[in-house]
Amino acid sequence: MKQVWVVQPYVPDYRVPFFELLIDALRTDDIALRVVCSEPTGSQAARGDAARPPWVTTRPARTLRLGRRSIVLTYTRKVWAKADAVIVPLMGSSLDANVAVFLQRRRKVGVWGHIAPYTAPPNPVDAFIERQLIRGSDEVFAYTPSGAAYAIDHGADPAAVTTVMNSIDTRSLASALDRVSTADIEAFRTRLQLNSRTVAAYIGGLDESKRIDLLESALDDLWEIDPGICVVIGGTGDAASRLSRAEARGQVRLLGRVDVEQKALLLRSASVIVNPGRVGLIAVDALVSGRPLVTADWPYHAPEIEYLNEGDSVFRVPGNPSALARVIADVSSQETFDGAAGTRWDYPSLEAMVEHFADGVRRMLQSDSAPIASSGPRIGA
């Protein structure tokens, strides 16, 4: 049986279904896949969503400080040293990625992730290293088509680039949405003392990447525009205290972390999703639930925002509090949802993501021979 390891900074809860399905899919081809990671640190740790399933091996993380910059290093080579392949995150600062691609070529090496520098201004040194990692890997696993195109533009073999179409457990969410009844919604509203108020949902971590400072200020303006709108927060993080003023005046309800059943109930109760900062997999939540998403128009969204259509499933507004508040109010008043489930938009499923990723793993392991056919979306193939 061939051994493949995937290196992760940490494994959040939402990734568990993906890895479990991927492990099962590859086992049928006599391929054993395992994951190695460290424990989350900083704002990631504050989210409280780290999972520790039995197929995960953890290694200690070390923090290296270079002036004002901190780099978290996890060195996992001893775990995958004898493996047939290792798939590492495309991060210029990743010691594992650099060792795997540049120094340990006795095995196949894949890189995966955003691939293009979406979520922050690229550090010139990291960007240079990442381009070399792209060129030096045997397979590139890109979340979205634009990331795959970036890999090819920067030297990747088009026949060795897989577009995985990053997603969450859409089947479980869709089923949970279908199970929510009108009575469930009424009980939810009563428990949170929402009465006849309009609900806007926020789902995800409460940290700097989500621009909670912008949400805090926008809530002040929204209170003046329409105090009947209540923002219900499913998530936690190190910026949660920024919402205390709005919570005190009854404009915000904090649920803490929510499971799929609670998320479905929140989405069915809401007319709009609010996420002023980085939009990533919340885009899939919006598509599965049929709820439009309001966010700020800024350059550092994750690539999954490409799944959404402007003016339909997403409304991007100038990144200032008054504009954000006004569009939240406008979209809330225009969307007359009655709590019905049903899917309004197409979305990338987790099952398709697993199929695409498994195809890429098989191709990577067989790359010394003729390329095998892929049933998943390919860029350049």
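Trainee: Which residue forms a salt bridge with Glu-139, and how far apart are the closest N and O atoms?

Mentor: Keep in mind that this is a predicted model. To read a salt bridge, you look for a side-chain nitrogen of Lys or Arg within 4 Å of a carboxyl oxygen of Asp or Glu. Here, Glu-139 pairs with Arg-363, and their closest N and O atoms are 3.4 Å apart.

Trainee: Where do Glu-139 and Arg-363 sit in the chain?

Mentor: Glu-139 belongs to strand β8 (residues 139–142), while Arg-363 is part of helix α14 (residues 350–365). They are 224 residues apart, so you're looking at a link between distant parts of the chain.

Trainee: Are these two buried or exposed?

Mentor: Buried means under 20% relative accessible area. Glu-139 has 2%, so it counts as buried. Arg-363 has 5%, so it is buried too.

Trainee: How many salt bridges are there by this rule?

Mentor: The count comes to 15. Another one to find is Lys-263 with Asp-285, at 2.9 Å from N to O. Lys-263 is in helix α11 and Asp-285 in helix α12, 22 residues apart. Both of these residues are buried.

Trainee: What about Arg-245 and Glu-216?

Mentor: Their side chains meet in a salt bridge too, 3.6 Å from N to O. Arg-245 lies in helix α10 (residues 244–248) and Glu-216 in helix α9 (residues 212–225), so this pair ties together parts 29 residues apart in sequence. Check the accessibility as well: Arg-245 is partly exposed at 41%, whereas Glu-216 is buried at 16%.

Trainee: Which residues do salt bridges with shared partners join into one network?

Mentor: That network is made of Glu-216, Asp-220, Arg-242, Arg-245 and Arg-249.

Trainee: Okay, on to nonpolar cores. How many residues does the largest one have?

Mentor: For a core, you look for buried nonpolar residues joined through their side-chain atoms. The largest one here has 35 residues. Those with the most contacts inside it are Leu-173, Phe-188, Val-232, Leu-266 and Leu-293.

Trainee: Which helices and strands each supply at least two residues of this core?

Mentor: On the helix side, they are α7 (170–179), α8 (182–191), α11 (260–269) and α12 (282–289). The strands are β10 (198–203) and β11 (229–234). Helix α12 gives the most, with 6 residues. There is also a second, separate core of 30 residues, which includes Leu-22, Val-56, Val-164 and Met-364.

Trainee: Leaving aside neighbours within four places in sequence, what is Leu-266 in contact with?

Mentor: Click on Leu-266 and look around. With those neighbours set aside, its contacts are Phe-188, Val-199, Ala-201, Tyr-202, Ile-203, Val-232, Gly-234 and Leu-255.

Trainee: Where are Ile-115 and Gln-193 found?

Mentor: Both are in loops. Ile-115 is between β7 (108–113) and α5 (124–136), and Gln-193 is between α8 and β10.

Trainee: And is each one buried or exposed?

Mentor: Ile-115 is buried, at 5% relative accessibility. Gln-193 is exposed, with a relative accessible area of 59%.

Notes. Residues are numbered from 1 along each chain as its sequence is written. This is a predicted model: local features need pLDDT of at least 70, side-chain atom pairs count only at pLDDT 80 or more; totals for chains, interfaces and linings use all residues. Side-chain values use heavy atoms; hydrogens and water are left out. A nonpolar core is a set of buried Ala, Val, Leu, Ile, Met, Phe, Trp, Tyr and Cys residues joined through side-chain atoms within 4.5 Å. Buried means under 20% relative accessible area, exposed over 50%, partly exposed in between (1.4 Å probe, protein chains only). Helices (H or I, at least four residues) and strands (E, at least two) are DSSP runs, numbered from the N terminus. Contact means heavy atoms within 4.5 Å.
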